[in-house]
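Me: I'd like to learn how to read a structure, one feature at a time. Can we start with the metal sites?

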Amino acid sequence: MGQQEPEDLLELSPDTRTILEEEGLRPLWEVEDDFGTVIDDLEADIWKWDDIQRAIDAVEDDVPIAELPPGFQRRVAVPINTAIGNAISNTIYVGVQTVSPGETAPSHRHSANALRFTIDGAEEMKTVVAGEEFPMHDNDLVTTPQWEWHDHVNDSDQTCTWLDILDLPLFLDSLNRSQAFENHELERQPVVKSQGYWDSQYGRARPVETTDDDSIPGPFSGIRDPTPPYRFQWTDVEETLHQRAANDDPDRHDGYNLAYVNPESGTPPLFPTMSFRAQLLSEGATDSHFHNATEIYFVIDGEGATHVDDDVLEWNERDLFVVPPDAVHHHDPDGEATLLCLSDRPVFEAFNFYAEAEPSS
Ligand SMILES: [Fe+2]
Ligand SMILES: [Fe+2]
């Protein structure tokens with residue numbers, strides 16, 4: 001008699017299998033192999049800025065925003081992680097948007113959390129959010145909160161470019177829900193607030209009056225306290241980074257490391273689904289670590305490499321790269337470099353699932 005394999009011991013009798021099939025149930029030991037296979041694993045990947053620039057220039061030459069089909073009128077090229085095929089990661093979407101001089105990306109609103117990180121900006125390039133015009137200078141970060149009207153108006157004399165960063169894949173793919181979306185009846189929403197209004201509401205002195213109900217109207221009456229409209233000016237962030245570098249010790253894994261906070265609470269994360277950090281790497285290679293959250297990096301300036309498991313991603317200014325979950329990684333800048341890091345870590349932390357460690361040497 002041959003030795004019994006473990007799966008033989010678990011084999012159901014034909015009668016039991018028939019009963020389970022008839023009643024629409026399966027045994028756990030057969031189901032568990034299927035867990036985690038619906039969405040493909042993310043892989044390390046990098047998009048060089050020269051290649052992105054070539055792509056967005058071609059799309060800009062080809063497609064005026066006004067000729068895009070009615071609906072989601074945004075001229076965007078989307079970096080695709082070939083391991084998953086529809087976005088840069090399984091949780092966070094990044095697109096590269098251009099608006100030519102004189103063009104407007106029309107006003108709309110949606111349930112996804114979103115922000116813009118400016119690459120080529122100008123004083124007269126405005127993202128209009130919640131009735132206020134926010135100028136977009138290089139490396140400024142402008143939030144466009146859930147269910148808040150936003151349009152992009154380029155009154156400058158140059159093409160402006162930025163990263164759109166949204167939590168779409170988390171909602172559309174991982175939770176398999178569609179997002180609510182609405183176009184404004186006007187191409188440009190009315191500008192009803194003076195410039196600086198929203199920033200001024202979240203300073204050290206704040207309005208006294210409060211309301212009992214901060215919920216969003218319309219289909220999102222269940223969502224409360226969306227992240228406010230806000231512009232993080234790069235000049236402020238850069239100054240803080242350099243103050244830290246002049247006075248403090250860097251984080252071993254991420255260098256001098258600032259979190260963008262929710263302007264209302266004053267604490268990170270900026271959105272419940274996505275966190276954002278500015279990182280100054282100026283003290284040589286960082287130590288390796290790994291974590292179950294995904295990290296997406298945009299190189300604000302400098303050059304260097306990030307080692308991700310057996311891959312070496314060599315980056316220059318404006319490149320975009322992905323560090324997948326559980327990959328051992330460290331950064332190795334050539335001199336000084338500044339990175340923007342986006343992560344889905346808040347989703348893990350919200351449910352007490354976040355885990356981080358150093359590899360055993
Ligand atoms: Fe949008
Ligand atoms: Fe990391």
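Me: What is the site of the iron ion (ligand 2) like, judging by the angles among its four donor atoms?
Reply: First, the general idea. Ideal angles at a metal are 109.5 degrees for four tetrahedral donors, and 90 or 180 degrees for six octahedral ones. Four donors count as tetrahedral if all angles lie between 85 and 135 degrees; four count as square planar and six as octahedral if opposite donors are over 155 degrees apart and all others between 65 and 115, and anything else is irregular. Here, the angles at the iron ion (ligand 2) run from 87 to 169°, and the site is irregular. Bear in mind that this is a predicted model, where local features need pLDDT of at least 70 and side-chain atom pairs count only at pLDDT 80 or more, while totals for chains, interfaces and linings use all residues. Also, residues are numbered from 1 along each chain as its sequence is written, chains are lettered from A and ligands numbered from 1 in the order in which they are written, and side-chain values use heavy atoms, with hydrogens and water left out.

Me: Which residues are the protein donors of the iron ion (ligand 2)?
Reply: Donors are N, O and S atoms within 2.8 Å of the metal (3.2 Å for Na, K and Ca); water is not among the atoms, so sites may look incomplete. For this ion they are His289 (NE2), His291 (NE2), Glu295 (OE) and His329 (NE2), at 2.2 to 2.5 Å. Along the sequence their spacing reads H-x1-H-x3-E-x33-H. His291 belongs to strand β15 (residues 290-291) and His329 to strand β20 (residues 329-333), so this pair ties together parts 38 residues apart in sequence.

Me: Are His291 and His329 buried or exposed?
Reply: Buried means under 20% relative accessible area, exposed over 50%, and partly exposed in between (1.4 Å probe, protein chains only). His291 and His329 are buried.

Me: And what holds the iron ion (ligand 1)?
Reply: Its protein donors are His108 (NE2), His110 (NE2) and His150 (NE2), lying 2.1 to 2.2 Å away.

Me: How many residues of helix α2 are buried?
Reply: Zero: helix α2 (residues 14-23) has 10 residues and is hardly covered. After α2 comes Gly24, with a positive phi near 75°.

Me: Which residues other than glycine have a positive phi?
Reply: Ala130 is one of them, with phi near 50°. You'll find Ala130 in the loop between β6 (122-129) and β7 (132-136), and with a relative accessible area of 12% it counts as buried. Asp309 also has a positive phi, of about 50°, and lies in the loop between β17 (304-308) and β18 (311-315).

Me: Where is the cis peptide bond?
Reply: Look from Pro268 to Pro269, where omega is near 0°. Pro269 lies in the loop between β13 and β14.
Another proline, Pro272, is in the loop between β13 (256-259) and β14 (275-281). Pro272 counts as exposed, because its relative accessibility is 54%.

Me: What does Pro272 touch?
Reply: Contact means heavy atoms within 4.5 Å. Not counting residues up to four places away in sequence, Pro272 touches Asn113, Thr227, Pro346 and Val347.
Now try Pro324, in the loop between β19 (320-323) and β20. Pro324 is buried, at 7% relative accessible area, and leaving aside neighbours within four places in sequence, its contacts are Leu42, Glu43, Ala44 and Val308.

Terms used: Helices (H or I, at least four residues) and strands (E, at least two) are DSSP runs, numbered from the N terminus.
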